[in-house]
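Q: Could you walk me through this fold, sheet by sheet?
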Amino acid sequence: MPDISFKKFDVESTFLDPRLDFQRTSVKTQVRLDPLTGRTGHYSHFGAITPQQLDLEKYLEQQGKEFCPFCSALREELTPKFPGEIIPEGRLARGEALLVPNLHPYDVYSSVCIMTRGHVVPLAQFSYEHLHDSFSLGFDFLKRVKAIDPSLPYQIMGWNYMPPSGGGLIHPHQQYFATGNPGNQFKDELRASERFYESCQRDYWLELIDIEQRNNQRYIGQLGDSHWLTSYVSMGVMGEILCVFPRVYCLDDLTAANISELIAGLQRIFNYFGQAGIYSFNATLFFGPEGQRFFPAHFRIVPRTFLNTRDYATDMNFFQVMLQEPVSVVWPEDLCREVKKFF
Ligand SMILES: [Zn+2]
């Protein structure tokens, strides 16, 4: 019977250090195995990367010179509309949020949710309404798509915030799409969760929450039905925060309370980001296919930064891109301790 275990390899590298008059010096690093998928991640270069401050004022100045299709006066004129058979009203609107088709779609049903009227929205200025209206529109879109075309079993929310994350537009926006091909990470986790369930008759994610609560090293806290923790293997250079909704096995299980819990957690993380000087992130929310009881919805958020703003070096290199291997300079246990102060 497989169980959840936290495996790691401690690695030590020895060299003659010029900073210490060429004395023999050893540096310790670690490789961890994800307890679900077995995929590895490297921990090294501790404390070497400091999040870089972004000049948000500069983005505001550029707004006048550069074209933004999401800005107030233009967005109704310049963004596409859905055909009547998908969204009869063409677009979905709620408060400041507007959900439109992606001009550069990733799949059959691919949308962009413009979250705010404002072009540059610092994390501290995201209101509960901005987040609530955007998430609600996105989930509403995914539910509608599911009703008209149940052939695509997976639903994803993706969010690139600010340029270090790969966000092509400063103007806050999320992406919501339904797909049959949700990506390697999703598929690996889904398959591994199913295997775990078949051999143990237990939901891996519930077990994980239980173990992490008891270990109390990576468990951040509980908000309503949502559980927040740092991942044993971080996908980001500066760590990763994971939120699991244990009872949400498919999109239709998501309640209004769950949306509020998601926002409540996110606002706490934004407060942490503010204190830690983090200006950019990637986030995803995965929904599993209907009819299973082993893959609950989960949200992930990973801070992103330029390594420096002199050359705009990114925080991804051959490790992530070519070896598909996450590298992190922050211990999940340390990140958990820091984030917990905000929960
Ligand atoms: Zn704009």
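What follows is a chat about the sheets, a helix and the core of this model.

Q: Before we start, what kind of model is this, and which residues count?
A: This is a predicted model, in which local features need pLDDT of at least 70 and side-chain atom pairs count only at pLDDT 80 or more, while totals for chains, interfaces and linings use all residues. Residues are numbered from 1 along each chain as its sequence is written.

Q: OK, in what order do the 10 strands of the open sheet run?
A: The order is E4-E5-E6-E8-E7-E12-E13-E11-E10-E9, with antiparallel pairing. Strands here are DSSP runs of E with at least two residues, helices are runs of H or I with at least four, and both are numbered from the N terminus; two strands pair if DSSP finds at least two bridges between them.

Q: And which strands stand at the edges?
A: Strand E4 (92–94) and strand E9 (219–223) do, and each has a single partner strand, so one side of each is left without a neighbour in the sheet. On average, neighbouring strands of this sheet are turned by 15° against each other, direction ignored; the axes behind such angles are lines fitted to C-alpha atoms, for helices over the stretch in contact, and angles run from 0 to 180 degrees between N-to-C directions.

Q: How many bridges does E8 make with E6?
A: E6 and E8 pair in the antiparallel sense over six bridges, with Ser110 opposite Phe177 in E8. Strand E7 (residues 154–161) also pairs with E8 in the antiparallel sense over six bridges, and there Trp159 has Gln174 of E8 as its bridge partner.

Q: Is strand E8 mostly covered or uncovered?
A: Strand E8 (residues 173–179) is mostly covered, as five of its seven residues are buried. A residue is buried if 20 or more other C-beta atoms lie within 10 Å of its own, exposed if 12 or fewer, and partly exposed in between, with C-beta atoms placed from the backbone.

Q: Switching to the core, which residues touch the most other members?
A: Of the 78 residues in the largest nonpolar core, these are Ala97, Leu99, Cys113, Ile114, Ile269, Ala297 and Val339. Such a core is a set of buried Ala, Val, Leu, Ile, Met, Phe, Trp, Tyr and Cys residues joined through C-beta atoms within 7 Å.

Q: What does Cys113 touch, then?
A: Leaving out residues up to four places away in sequence, Cys113 touches Ala97, Leu99, Ser134, Leu137, Gly138, His173, Gln174 and Tyr176, where contact requires C-beta atoms, placed from the backbone, to lie within 7 Å. Cys113 in E6 is also the bridge partner of Leu99.

Q: What about Ile241: buried or exposed?
A: Ile241, which is found in strand E11, is buried, with 28 other C-beta atoms within 10 Å. Not counting residues up to four places away in sequence, Ile241 touches Trp228, Thr230, Ile269, Ile301 and Val339.

Q: Which helix lies across E11?
A: Helix H6 (residues 256–276) lies across E9, strand E10 (226–230), strand E11 (241–245) and strand E13 (297–304), and runs at about 30° to E10.

Terms used. Contact = placed C-beta atoms within 7 Å.
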